[in-house]
Amino acid sequence: MANRGKKRRSGGSLQNSTKRRRAAAASWSDSLFCTMLEEAGFVLGGEGENELATEPALFQRKLAISIKRDPEPEQAVKSFCDGFSDYVNNPVRFRRSLQPTKSSGEVVAVHMEVDSLVRLLLGVDSLQPLIINSLLERLVEFMDEDSANDSEQQGIPQLILNQLRWLGCLVKGEELCEKLLELVGAASPATQQAIITALPEVLDDSQHQMATAKLMNLLQSNPSLTSSIIETLSNLNMDTDMEAEVLENAMGCVNSTSVNDLPAVIKFILQQANTHTSPQQLVSELREKLDLDTMFMPPPEASSTPRATQIQSANEFMVFDVIRSSILFQRP
């Protein structure tokens with residue numbers, strides 16, 4: 001019951017995928033989805049491997065033209081994507097659609113494997129938004145704790161996210177950013193981290209400002225994600241005003257950051273040094289914020305054990321090494 005509650009909270013249309021798939025009237029093999037794929041040069045394997053009998057770019061071009069020339073293009077897109085959702089209802093077919101496709105025919109001499117079926121479809125602009133919605137609906141099903149511990153389902157969230165990385169064109173980037181960060185609240189810890197760290201490779205530069213603002217809010221509300229958020233922020237492009245706001249927020253969370261996350265936070269802060277803020281200024285501010293004696297003090301019951309002393313020394317070393325390395329890196 002708890003898992004179903006999580007899925008309801010993850011929002012909107014992402015929650016009705018199971019009902020829609022069960023209500024599908026026609027078999028995927030009789031659908032417009034299957035017909036258009038075959039006409040464009042892609043052979044669905046059923047229980048075997050999928051095969052692409054033409055060049056990937058030519059396949060995408062043929063598929064895009066076929067949709068555009070349909071008497072009702074919008075309905076064709078919807079019918080195609082409904083057929084796709086029906087096809088990937090089967091776990092084996094879904095995993096296969098996320099993995100590289102076998103090439104056949106004339107392309108064998110050039111490529112033994114090409115992009116996955118999903119990746120190829122995401123390269124068709126008219127299909128991309130609905131295919132992404134379908135992927136996110138499936139992501140909801142694989143991102144709770146039970147799925148994370150299921151050997152047959154492990155790796156599916158990462159495979160889904162991999163399809164979204166480095167797309168040549170992102171048709172609805174802001175909407176995708178919103179949905180991905182919405183899903184973080186309902187995901188298992190591993191999937192939360194995977195979604196957050198994937199953002200720089202998924203989003204266009206035009207969505208980086210938006211993602212930065214949302215991640216800063218998440219940093220305040222979910223400290224357990226500090227390392228993942230900080231790592232991601234360091235790979236997002238932002239304007240000067242946003243950089244200053246991020247630096248201020250990072251400084252503000254230094255005292256509340258766990259010892260394990262502290263080196264990453266300090267490294268991020270010192271990397272923000274620029275013509276307006278020198279490394280020395282940032283170090284001076286950090287000195288005011290950090291109470292190292294208290295921060296590295298082990299619990300009273302463990303303070304006398306060799307293991308506690310070793311951990312304390314290692315954490316202190318990591319923090320001071322990060323400060324030293326960052327300053328040396330900033331020197332001209």
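Mentor: Start with the lining of the largest cavity: its residues divide into 3 nonpolar, 1 polar and 3 charged. Keep in mind that this is a predicted model.

Trainee: Which residues line the largest cavity?
Mentor: The lining consists of Pro129, Ile132, Asn133, Lys172, Glu175, Leu176 and Lys179. Two helices, α8 (128-141) and α11 (173-184), each supply at least two residues of that lining.

Trainee: What volume does the largest cavity have?
Mentor: About 60 Å³. The count of cavities of 30 Å³ or more comes to 1.

Trainee: Let's stay with α8. How many of its residues are buried?
Mentor: In α8, 13 of the 14 residues are buried, so the helix is largely enclosed by the rest of the structure.

Trainee: And what should the 14 residues of α8 span?
Mentor: At 1.5 Å a residue, 20 Å. The expected span counts one less than the number of residues. The end C-alpha atoms of α8 are 20 Å apart, which agrees.

Trainee: Zooming out, how many helices and strands does the chain have?
Mentor: The chain has 19 helices and 4 strands. It has 332 residues, and 46% of them are buried.

Trainee: What about contacts along the chain, what share join residues at least 24 apart?
Mentor: That share is 69%, taken among contacts between residues at least 6 apart in sequence.

Trainee: How many residues are in the largest nonpolar core?
Mentor: There are 88 residues in it. Leu37, Leu63, Leu121 and Leu127 have the most contacts inside that core. As a general point, nonpolar side chains tend to be buried together in soluble globular proteins.

Trainee: New topic, α10. Which of its residues are buried?
Mentor: Ile156, Pro157, Leu159, Ile160, Leu161, Gln163 and Leu164. That is 7 of the 9 residues of α10, so this helix is largely enclosed by the rest of the structure.

Trainee: What covers the buried residues of α10?
Mentor: The cover includes α6 (91-97), α7 (117-122), α8, α11 and α12 (189-202). Two of these, α8 and α11, came up with the cavity lining.

Trainee: And what happens just after α10?
Mentor: There tryptophan 166 takes a positive phi of about 55°, although this residue is not a glycine. Tryptophan 166 is in the loop between α10 (156-164) and α11.

Trainee: Is tryptophan 166 buried or exposed?
Mentor: Tryptophan 166 counts as exposed because its relative accessibility is 61%, and the cut-off for exposed is over 50%.

Trainee: Now glycine 252. Where is it found?
Mentor: Glycine 252 is in helix α15 (residues 240-252). At 52% relative accessibility, glycine 252 counts as exposed. Its C-alpha atom is separated by 9.7 Å from that of glutamine 220, which is 32 residues apart from it along the chain.

Trainee: Last one, leucine 270: buried or exposed?
Mentor: Leucine 270 is buried, with a relative accessible area of 1%. It belongs to helix α16 (residues 262-271). Leucine 270 and glutamine 281 are 9.5 Å apart in space, C-alpha to C-alpha, and 11 residues apart in sequence.

Methods: Residues numbered from 1 in each chain as written. Predicted model: local features only at pLDDT ≥ 70, side-chain atom pairs only at ≥ 80, totals over all residues. Heavy atoms only, no water. Core = buried A, V, L, I, M, F, W, Y, C linked by side-chain atoms within 4.5 Å. Buried < 20%, exposed > 50% of the residue type's maximum accessible area, 1.4 Å probe, protein only. 1 Å grid on protein atoms, 1.4 Å probe; cavity = no way out; pocket = protein on both sides within 12 Å on 5 of 7 lines; lining within 4 Å. Points joined across faces, edges and corners; volume = space filled by probe spheres on them. Nonpolar A, V, L, I, M, F, W, Y, C, P; charged D, E, K, R; others polar. Contact = heavy atoms within 4.5 Å.
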